[in-house]
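Subject: Structure handover and notes

Dear colleague,

Please find the structure below, with the sequence alongside. My notes follow it, and I would be glad if you read them with the model open.

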Amino acid sequence: MPMKTSALLMLTAATIFGSAACAEPGKWSDEPVRIVVTFPPGGTSDLVARILAQYLESEYGQKAVVDNRPGAGGTVAADYVAQQPADGTTLILANNAPFTIAPTQFESLPYDPVDGFTHIANLGASTPGLFVQPALEITDLDGFIAMAKGDGITYGSSGVGSITHILGQAVDTALEIETIHVPYQGSAPAIQDFRAGVLEAFYDSMAQNSSMIEDGEVVPLAIASPERSKRFPEIPTFRELGYDVVIENWTGLSGPAGMDPAMVQTIHDSVEEIMAIPAVIEQMDQWGIAHTEMTTEEFNGFVAKTIEVWRPLIEAAKVNGG
């Protein structure tokens, strides 16, 4: 065999087997990886990112840090990540706000929510609900409606265009009421103001507020899931109360467009292995996040589909970011 031909075959084999070896769970960069979060510290998204960073390092030696960049319904963080090098060192904890809601909410975006990213892995979905102050002595939606039509109700969300904002507007539409919306940069500051008595109500994950539910600090009126929660079976769904309001908050891991396919597979498989660790499953369950495994192709298709599925809901809620 001629030397040039032999060298070419060896190079080709090395490339093939090198890529295959790379496409396994494990470390993919010698540099620390930044996981950008669209909300400030303290909320569910932030906690999920920190769990992911913790296990990437402990299981695979892949150093990872959380970078909180809240603002403009998650579009600040998404735009930042879209402009970073596609070398796997900058990822985003993707969610409804910048990828599902923003494409309809805003007339134009500085990024393409589908083609402008490499959507790597699905982490799961949680369901938010409606909470009110115990001092209001409201125990059901009828009481909530009566107060909204009377003295009025002020509710907090995790930001303009966030899933809790969309839910608040969807509930207003379904219940034929008009509440006063106060947007925050994440759920943590909204809950802080609720505890201080500034807000009369707020929308957020049921699981994240489990201790407040158990301690009687909040009154949960309804949950926006198709069926009652296994963890909180006493809380009715909006649907069973006669209002067809069903909204789930999905979370995933994405990066800039153009990432190397072998590296993407490595990250995907690492995430899937982490999501299968019993301690992680238990923690996600406490936060109300149910994991559904998807391939990178399935996850990319999922993100694209959510834009179209949610568009009528966002338009009906009249959420406009300009």
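Helix 2 is followed by Gly 61, whose phi is positive, at a value near 75 degrees; helices here are DSSP runs of H or I with at least four residues, strands are runs of E with at least two, and both are numbered from the N terminus. Please bear in mind that this is a predicted model, in which local features need pLDDT of at least 70 and side-chain atom pairs count only at pLDDT 80 or more, while totals for chains, interfaces and linings use all residues. Residues are numbered from 1 along each chain as its sequence is written, and side-chain values use heavy atoms, with hydrogens and water left out.

Helix 2 itself covers residues 44-60, and its 17 residues reach 24 Å from the first C-alpha to the last, close to the 24 Å expected at 1.5 Å a residue (the expected span being 1.5 Å times one less than the number of residues). Its buried residues include Thr 44, Ser 45, Asp 46, Val 48 and Tyr 60, where buried means under 20% relative accessible area, exposed means over 50%, and partly exposed lies in between, with a 1.4 Å probe and protein chains only. Ser 45 has a relative accessible area of 11% and so counts as buried; leaving aside residues up to four places away in sequence, Ser 45 touches Val 37, Phe 39, Leu 93 and Asn 95, a contact being heavy atoms within 4.5 Å.

Ala 77 belongs to helix 3 and is buried, with a relative accessible area of 0%; among residues beyond four places away in sequence, Ala 77 touches Val 36, Val 37, Thr 38, Arg 69 and Ile 92.

The other open sheet described here also has five strands, in the order 7-6-8-5-9, and its pairing is mixed. Its edge strands are strand 7 and strand 9 (219-223), each pairing on one side only, and its twist averages 30 degrees from one strand to the next. Strand 6 (residues 154-157) and strand 7 (residues 180-183) run parallel and are joined by four bridges; Thr 154 has Ile 180 as its bridge partner, while Gly 156 stands opposite Val 182. Together with helix 6, these two strands make a right-handed β-α-β unit, meaning that, with the strands pointing away from the viewer, the path from the first strand over the helix to the second runs clockwise. Helix 6 lies across strand 5, strand 6, strand 7 and strand 8 (201-205), at about 150 degrees to strand 6.

In the loop between helix 6 and strand 7, Glu 176 has a positive phi near 60 degrees, in a residue other than glycine, and it counts as exposed at 63% relative accessibility.

Finally, helix 11 (residues 296-317) has 22 residues and reaches 31 Å from its first C-alpha to its last, close to the 32 Å expected. A kink of about 40 degrees lies at Trp 310, shortly before Pro 312, the bend being the angle between axes fitted to the seven residues ending there and the seven starting there. The buried residues of helix 11, among them Phe 299, Val 303 and Trp 310, pack against helix 4, strand 4, helix 6, strand 10 and helix 9.

Key:
Pairing = 2+ DSSP bridges. Axes fitted to C-alpha atoms, helices over the stretch in contact; angles between N-to-C directions.
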